[in-house]
Amino acid sequence: MTRPSRLPSQVANLLPTLDVRIVFGTMNGDCADLVDEVVQNQVRLIIARHEAGAAAMAAVHARISGQLAVLLLDRTYGFVAAAPGLNVTRHERAPILVLGPHARTTGMPLPGTCNTLVHDLQDLQQADAVVTRAAWTARDYQRPVLLRIAEEEADPPSAAEGERAPAVAPVADPSVVGELARMLAQAQRPVFIVGRGAARAAEALERLAERAGALLATSVATHGLFNTSPWNIGISGALAPPEMAGLLTEADLVVGWGCSLDAWTTRRGTLFSAEAHVVQIDIDPAALGLHHRIALGIAGDAAQTAEALQQALPQRRTGYRTEPVRERIATQGRWKDVGYQPVLTPGRIDPRTLSLLLDTILPAERTLTVELGATMGPPIGHLRVPDVDGFSLIPVAGLGLAGGIGAALARPDRLAIVVLDIDSALMAAAELETAARHHIPLLIVVYDDSAGANAGPAEPHTINPVVDLALIAAGHGCPSAVVRRPADLTVVSEWLAGPHDYPLLLHAQVTHNDWWLEDISAE
């Protein structure tokens, strides 16, 4: 048996045949050997400054583009360093082929905790079959697959190391599906809430919602999924405008599809009325009822369950789809329709005002990447996205910028925007150089309320009272501008008018305003 000591040329030669367009990696450790093999096959190579950043770039790129992404890691400690970024793939449900780590150094529970499957390559004669099988596994299950390349004299890996084969998605119990069909047939005001776990079933769910007379809503992660439907009430939970939250509260049946129904989506369990029946469908039985009370739980594939319900419903119903409700959605369905009283502070701009102005200036064809946290309310609420592929929510602090780079590479036909808070911007500063070096057309908007947060006697919730982001950005080759008032945004118009084949950072001095967190902030 021939065992490779580094990435064999047989593996690198397969990348173009697998329709791999971009490979992500770093120059750390022995990755230089891997890089040489990839470059020789004329696949575009994006070198990040940190393994976690490279993994986050790959995750967002793979999910938005629908293409297999490849991640190169140092064989010794690369997987450990990339683990935070690989956890982004759990949220993004992205197909990634991870190359580099060998069997000896990945014999730990990390692959399983990062939602990563494992394939082992120990015999170069089997390279074509093993790599192709790993690539198809990643595509079929929308998960990262770690191709462990055995080193010389490595012991055969234990079967218990990592997850070798994904569990087969359960088929929903017909009797339970029949019970939900009866509930839909009786409901007067049904609502579907669709999460990332059911995003690929969007067409089937939209057809079922039309037959059942149900309104459509999403979790934050699937923002933009039903943008073309007049019955789309947007994001359920903390980010729902008042009238849309009202429609959810008035619902008598709420069905969560591939959605955890967590505190963000349900406003800590207070959004739905006590009389409403709540149903949850998920391929993972352990997820059912984990975060919210449910009257019925169904373990099964979302698309298959939706098709079964379509057949089980006796006839098309009006349900919640009445003309008054349509008008309510059309006129009060967005935060822009609600209006607000700006918070006026000298030298600072209200984050809602900033978001609305950017929404007007920037082209409609865009991708928006936002980190999960207190800064995400204004941009998600006031910056439109064209569809679900135009939005990414990054759940790991400090990886939003990397995710934005991945989005920009996935859709070069769209302007990429990434929103960060000041702490995340500082954590991610090294990837500013990555964006500049690769000439990524990316608008980076840092919503910095740190000075406002420290103005009062209360204990500050930032450790960065004064930060010169312009100096930091310049040191990484990234142009920047400070935004304190609407007139300062002329720099964005000027950037758009030019070739803008480089990143631009806006250090926005915003007022501290967490209006949208009021419903979930209380324990």
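Q: Which elements each supply at least two residues of the lining of the second largest pocket?
A: In this predicted model, the elements are β9 (232-235), α12 (323-332), α13 (335-338) and α15 (377-382). Strand β9 provides the largest share of that lining, with four residues.

Q: What makes a residue part of the lining of a pocket, and which residues are closest to the centre of the second largest pocket?
A: A residue belongs to a lining if it has an atom within 4 Å of a point of the pocket. The second largest pocket has a volume of about 590 Å³. Its lining consists of 27 residues, and H223, N227, N232, G333 and R334 are the closest to the centre. By class, 13 of the lining residues are nonpolar, 10 are polar and four are charged.

Q: What is the volume of the largest pocket, and which residues are closest to its centre?
A: The volume of the largest pocket is about 1,500 Å³. The lining is made of 46 residues, and those closest to the centre are R90, R93, G197, G258 and D282. Two or more lining residues come from each of α4 (78-92), α6 (127-141), α10 (263-266) and α11 (302-312). Helix α4 contributes the most, with three residues.

Q: How does the lining of the largest pocket divide by class?
A: The lining holds 24 nonpolar, 11 polar and 11 charged residues.

Q: What makes a space a cavity rather than a pocket?
A: A cavity is a set of points where a 1.4 Å probe fits but cannot get out, whereas a pocket is an open set. Rolling a probe the size of a water molecule over the atoms shows where empty space is left. Two cavities of 30 Å³ or more are counted in this structure. The largest cavity has a volume of about 60 Å³, and its lining is formed by R93, G197, G258, I281, D282, I283, G300, D301 and A302. That lining comprises three nonpolar, three polar and three charged residues.

Q: Why is R63 called buried?
A: A residue counts as buried when its relative accessible area is under 20%. The value for R63 is 10%, and therefore R63 is buried. R63 is located in helix α3 (residues 51-65).

Q: How do you know that the side chains of R63 and E92 form a polar contact?
A: A polar contact requires a pair of N or O atoms within 3.5 Å. The side chains of R63 and E92 are joined at 2.8 Å, so the distance meets the cut-off. Beyond four places in sequence, R63 touches E92, R93, A94, R196, V388, D389, F391 and S392.

Q: Why does L146 count as buried?
A: The cut-off is under 20%; L146 has 0% relative accessibility and therefore counts as buried. L146 is placed in strand β6 (residues 144-149). The C-alpha atoms of L146 and A135 are 9.8 Å apart in space, and the two residues are 11 apart in sequence.

Q: What makes a set of residues a nonpolar core?
A: Its members are buried residues of the nonpolar kinds listed for a core, joined through side-chain atoms within 4.5 Å. In soluble globular proteins, nonpolar side chains tend to be buried together. The largest nonpolar core has 53 residues, and F24, L71, L86, I96, L401, L442 and I444 have the most contacts inside it. Helix α3 gives the largest share of this core, 10 residues. L401 touches V418, L420, A428, E431, L432, L442 and I444, leaving aside residues up to four places away in sequence. A second, separate core has 34 residues, among them F192, A212, A214 and A306.

Q: Why are D19 and H500 called partly exposed?
A: Partly exposed residues lie between the 20% limit for buried and the 50% limit for exposed. D19, at 37% relative accessibility, therefore counts as partly exposed, and so does H500, at 21%. D19 lies in the loop between α1 (9-14) and β1 (22-25), while H500 lies in the loop between α21 (490-497) and β18 (504-509).

Q: What is the phi of D19, and what is that of H500?
A: Most residues other than glycine have a negative phi. Phi of D19 is near 65°, a positive value, and H500, which is not a glycine, has a positive phi of about 30°.

Methods:
Residues are numbered from 1 along each chain as its sequence is written. This is a predicted model: local features need pLDDT of at least 70, side-chain atom pairs count only at pLDDT 80 or more; totals for chains, interfaces and linings use all residues. Side-chain values use heavy atoms; hydrogens and water are left out. On a 1 Å grid over the protein atoms alone, a cavity is a set of points where a 1.4 Å probe fits but cannot get out, and a pocket is an open set with protein on both sides within 12 Å along at least five of seven lines; lining residues have an atom within 4 Å of a point. Grid points are joined across faces, edges and corners, and a volume is the space filled by probe spheres set on the points. Ala, Val, Leu, Ile, Met, Phe, Trp, Tyr, Cys and Pro count as nonpolar, Asp, Glu, Lys and Arg as charged, and the others, Gly among them, as polar. Buried means under 20% relative accessible area, exposed over 50%, partly exposed in between (1.4 Å probe, protein chains only). A polar contact is a pair of N or O atoms within 3.5 Å; within protein, one must be able to donate a hydrogen and the other to accept it, and residues adjacent in sequence count only if both atoms are side-chain atoms. Contact means heavy atoms within 4.5 Å.
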